[in-house]
There are 2 protein chains.
Amino acid sequence: MELKDDKKVFGGRQLRYEHASQVLNCTMQFSVFLPPQAEQGKVPAVYWLSGLTCTDENFSSKAGAQRAAAELGLALIIPDTSPRGDDVPDDPEGAYDFGKGAGFYVNATQEPWRRHYQMYDYIVKELPELVEAHLPLSEDRAISGHSMGGHGALVIGLRNSERYASISAFSPIVHPTQVPWGKKALSGYLGSDEQQWRSYDATYLLEELAGQAIPPILVDQGDADQFLKEQLCTEFFREANKASGAGAQIRMQPGYDHSYYFIATFIEDHLRFHASNLR
Amino acid sequence: MELKDDKKVFGGRQLRYEHASQVLNCTMQFSVFLPPQAEQGKVPAVYWLSGLTCTDENFSSKAGAQRAAAELGLALIIPDTSPRGDDVPDDPEGAYDFGKGAGFYVNATQEPWRRHYQMYDYIVKELPELVEAHLPLSEDRAISGHSMGGHGALVIGLRNSERYASISAFSPIVHPTQVPWGKKALSGYLGSDEQQWRSYDATYLLEELAGQAIPPILVDQGDADQFLKEQLCTEFFREANKASGAGAQIRMQPGYDHSYYFIATFIEDHLRFHASNLR
């Protein structure tokens, strides 16, 4: 992996890397924040999965997460949201909610997406192996994300309980099999057999894991979020949480919308939550 | 003034307004952060002047300033960096350092800039009158800014001591009459008579105000800033500060560059500095 940018922030370092991804068959960029504590030894990492249209730069520049991460001694690993490059197929109509910038953290099984759109494996396997081999990171991981990335964090965290100490999400798409964004993405990447979609649906996963040990979960959702009713539908997850006894903490935040201002307001809470579980 | 956007952040409100500027002869947009305390009564305001190429949105979304402003009960008033619109002349070659996005906070005297490029009067008079008439703001003001906006904050604060409780700057162009960015802008907007440039040069102003009461000043400058040697030249201001006994606090911050990561790291210090002087 090649270092492309290195900026000091809150006493730590905001880094940007480029690497040739074997899993995605393309060149990828990702960002990392290393807290000052990483100069003394290995630190735990919070993976941040971004939402539709984002790259690794949105969270890096807009969430203000480095302040609390520097205090808590947490690294932040911030991947892109899809494979990239001229060779990578995109939505034929250039839609914002499918193709580039909209990988939905799945392993695509359909043509022409299959070759590059393997974001699930990239986040679960390739990226952690890469950064843990080259950076001062322990194998203690937590995962968080926003919107499409909140979906990704819940799904990846629930399916890989042993790999993540805790899971959190802002404004997640909790039941993608039942909402327009999710149906479009899952049918496109996985085909029309809806049984294949279930393992990428956090609400179904929570129900199926009833009675099993899962990582602690924190979800924040703004009640003024313009996507709440049609796309995010937090209630499904709340019901599954109740039915399964999973104990997820699901907070409705009055007056907040879907923007990075919402994330900036509560990211410190999320990082403290992860830090307490990573110890 | 017309409200264009209203988002909740850190318990306060991030607002965006549009208005017809009489001084600039064009339609302008600006951003405001109102802290939660503004629901109970009038609050003091910190004006933030941005740098080259910026609009009101860069500081709003990247500095993370709302967190400390909400705690301290400070409003943030965040103007654009130049007049805007199709009627407003721009640099004929589309340069980033002159014309739109590069008003340098001066009152232009030269054609074709004179009609619109009156950013000094806009910041000192029109904008405060507008926001103080329509928003829950006291007449207690402080001023800060970055790079070109650090120049603007120092010049406007020093020339209007009675209007600002305190002045601060990140990476300011302290001696624009002597550096490429400043020479280009001042000769373009003010003409070739260098005597006309002096009242827009913070280093000269500090020297001329020796022995007079001026607001407390805080300057932060990263020592890894790529513009430090050629454009910012903090040393001139440090020498004028020493010679004049002005007592400005000028801090070199090791390892920091010119980016918003630098601003994000130290904006809390600046807001605490202003809050202590605004009481």
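I counted 2 salt bridges between chain A and chain B, where a salt bridge is a side-chain nitrogen of Lys or Arg within 4 Å of a carboxyl oxygen of Asp or Glu. One note before going on: this is a predicted model, where local features need pLDDT of at least 70 and side-chain atom pairs count only at pLDDT 80 or more, while totals for chains, interfaces and linings use all residues. Residues are numbered from 1 along each chain as its sequence is written, chains are lettered from A in the order in which they are written, and side-chain values use heavy atoms, with hydrogens and water left out.

**Interface**

I looked up Lys7(A) and found a salt bridge with Asp257(B), the closest N and O atoms being 2.9 Å apart. On the side of chain A that touches chain B, the elements giving two or more residues are E1, helix H1 (56-62), helix H2 (65-72) and helix H9 (260-278); helices (H or I, at least four residues) and strands (E, at least two) are DSSP runs, numbered from the N terminus. H9(A) gives the most to that side, with 4 residues. I also sorted the residues of that side: 6 are nonpolar, 8 polar and 6 charged. For the classes, Asp, Glu, Lys and Arg count as charged, Ala, Val, Leu, Ile, Met, Phe, Trp, Tyr, Cys and Pro as nonpolar, and the others, Gly among them, as polar.

In total, 20 residues from chain A and 19 residues from chain B take part in the contact (heavy atoms within 4.5 Å).

**Strand E2(A)**

Next I checked E2 (residues 12-21) of chain A, where 7 of 10 residues are buried (under 20% relative accessible area; exposed is over 50%, partly exposed in between, with a 1.4 Å probe and protein chains only). E2(A) pairs antiparallel with E1 (residues 2-9) over 7 bridges; strands pair if DSSP finds at least two bridges between them. Here Asp6(A) has Leu15(A) as its bridge partner. The hairpin of E1(A) and E2(A) has 2 residues between the strands, and Phe10(A) takes a positive phi near 50°.

I found Tyr17(A) opposite Phe30(A). That hairpin has 4 residues between its strands, with Asn25(A) in the turn at a positive phi of about 55°.

**Asn160(B)**

Last, I located Asn160(B) in the loop between helix H4 (148-159) and strand E7 (167-170) of chain B. Asn160(B) counts as buried because its relative accessibility is 9%. Not counting residues up to four places away in sequence, Asn160(B) touches Tyr120(B) and Val124(B).
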